[in-house]
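Q: Please take a close look at one part of this model. I would like the ligand site first, then whatever else can be said about the fold.

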Amino acid sequence: MDCMSLRGDILAHWATVPARALLLEGAGGLRVPLNEDEDMLDLMAVLGLPVFLVGGNYLGCLNHILLSIDALRHSGLELAGLALVPSVDPDAGCPGVDIAAMLADNARILRHRLGRTGSDAPVVELPRLKNLDEGGWDKLARLLTPVALRMAQTWSEPALAGGQASSEEQNLVRRDRAAVWHPYASALDFPPLNAVRRTWANRIVLADGRELVDGMSSWWAAVHGYNNPHLLDALRVQAGRMPHVMFGGLTHEPAVALAERLLGLMPEGLERVFFSDSGSVAVDVALKMALQYQYARGETGRTCFLTPRGGYHGDTIGAMSVCDPVTGMHGLFAGMLPRQLFMEQPSCGFDQPFDPASLDNARQMLEQHGKKIAAVILEPVVQGAGGMWFYHPEYLRGLAQLCRDADTLLIFDEIATGFGRTGKMFAAEWAGISPDILCCGKALTGGVLTLAATVCNKRVAEGICRDGGVFMHGPTFMANALACAVAGASLDLLSSGRWRQQVGDIERDLRTGLAPCRDMPGVAHVRVLGAIGVVEMKEPVNTRTLQAFFVDQGVWLRPFNRLIYLMPPYVTPAGDTLRLCAAVEEALRQGAHLS
Ligand code: PMP
């Protein structure tokens, strides 16, 4: 038995019987195995239903019950109530022991402990029934009625199975609107908002119970899906040991091990890892590294960066300065953004024969401005948020040579492309080259915590630190131990190599599933690379209406500008990838992107 198929069977069965409530009786305790790898607790976690825990009341039961309560809490499961059934006869004589008092004391301690964790789950002491006759049933029913009523109120059918959001959930959106600001959004004209109750695998469960197939991996990050047990386990173990400690003058195993493993995975020549908290900061760190490197070797005139149009590198001031000057909204911050040099977007598509002329503008810019340029920065092979453009890897080989000729550095921003998304562990592998500096983030922790790394070669590290130089950056949460431990667990999963098959399967399904969109009106281009699928429209789409349409279709996709794009978690089953594609096709057919 495995959790996913059991879950499917249970929900399918529930849908066919005229029952208002679903009550599943577990087979024994939480850690009762279902197969080699999964147990009852895993099944409970994928079902996400409240749990009514039943335990024996006896001398020594507290250990067992408290550990079970911990396990439920750590799996994010709600305790609906606790029933205690005496395993000893309270009236049995035992010299020196007041058994009835001991049993009552157990219940008291459990109520106290639950209260301390903020739980108001009722603790019901059931009698020991000799005969379960009619009178016995009545007695049990009476004792359990308050628990049943509470469960009915708190976890009503619509709240679990879809339909109306409860008032509490609507209230969450109201509270959000009064206090919170969302990404790229107005604080006055509120964007549509979906409250999320929980996640699992490739699914996002909304507060009203609807379950969405995720097509975004939470902006490239959740490659192993959500709530992956291996990642959560690493997080819990590290939380118990040491959540965080400052990185100035101190070090720890999760950070060192992660740095070693990253260097092992990255292109040859990268030798030194600098951890920071987010992708944008990792890009700022890379820019500062390049500037300090040039300064240290006396090239003090090299203070600007060359980057292709159509790029995206983040939202901090430095990162923003190298984003596309139009879509990166340079106009808004024109007065204070550092002014950088922009070259033409790599024009030769990934699937086209390579056109050497696509490097002409880069060559020209480097020849003309070479002495001012600290580094060239770009996203290898896939330009992400700037336009989801896939270009020819040969461009990168040519550009690397041009950088060597101009004696400047090359920075690869692999924050979106890293960790398998394009079909290679890092997109640099498509070109078989190694940059001087490489930034990664997003999927580094499998989407669990925020962590990024800027990795450089010997030339950069030694250049900055020669003659006693130090690199001038040091975030408070540098190399956060929790994030490093989870990142290590994510690399464990990637090192099994299964991602290659998964990404390959998703690529195949995206190609099949998006093919019908090619000839639909308004579509400019459909392209797929690795686990990324893009439907580029001729005109900007209406993100609000399209997002709402997708939610109605049971999928989570968030298009922007002219791009409807899919980058599902690697664990997405074939049927779900095709469902995402079908939702896109249906949207175009119905014109949902226009209204
Ligand atoms: N670089 C690239 C290529 C990105 O896609 C992003 C995020 N979309 C960033 C940098 C910035 O990362 P973060 O949002 O973690 O700051």
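Which side chain has an N or O atom 2.9 Å from a nitrogen atom of the ligand?

A: This is a predicted model. The side chain is that of K442: one of its N or O atoms is 2.9 Å from a ligand nitrogen. The protein covers 81% of the 390 Å² of accessible area that the ligand has on its own. D413 also faces a ligand nitrogen, with a side-chain N or O atom 2.6 Å from that nitrogen.

S278, G279, S280, Y312, H313, G314, E379, D413, I415, A416 and K442 surround the ligand. By class, the shell holds three nonpolar, five polar and three charged residues.

Next, helix α13, residues 360–369. Its buried residues are N361, A362, M365, L366 and H369. They lie on the same side of α13, because they cover an arc of only 130 degrees around the axis. An α-helix has 3.6 residues a turn, so residues three or four places apart point the same way. E367 and Q368 are exposed on the other side of α13. The cover over the buried residues of α13 includes β8 (304–308), β9 (341–343), β10 (373–378) and α14.

Helix α14 spans residues 393–405 and contains Q401. Q401 counts as partly exposed because its relative accessibility is 36%. Q401 and D436 are 35 residues apart along the chain, and their C-alpha atoms are separated by 12 Å.

Notes:
Residues are numbered from 1 along each chain as its sequence is written. This is a predicted model: local features need pLDDT of at least 70, side-chain atom pairs count only at pLDDT 80 or more; totals for chains, interfaces and linings use all residues. Side-chain values use heavy atoms; hydrogens and water are left out. A residue is near a molecule or strand if one of its heavy atoms lies within 4 Å of it. A polar contact is a pair of N or O atoms within 3.5 Å; within protein, one must be able to donate a hydrogen and the other to accept it, and residues adjacent in sequence count only if both atoms are side-chain atoms. Accessible areas come from the Shrake-Rupley method with a 1.4 Å probe; for residues, only the protein chains shown count as cover. Ala, Val, Leu, Ile, Met, Phe, Trp, Tyr, Cys and Pro count as nonpolar, Asp, Glu, Lys and Arg as charged, and the others, Gly among them, as polar. Helices (H or I, at least four residues) and strands (E, at least two) are DSSP runs, numbered from the N terminus. Buried means under 20% relative accessible area, exposed over 50%, partly exposed in between (1.4 Å probe, protein chains only). The arc is that of the directions from the helix axis to the C-beta atoms. Contact means heavy atoms within 4.5 Å.
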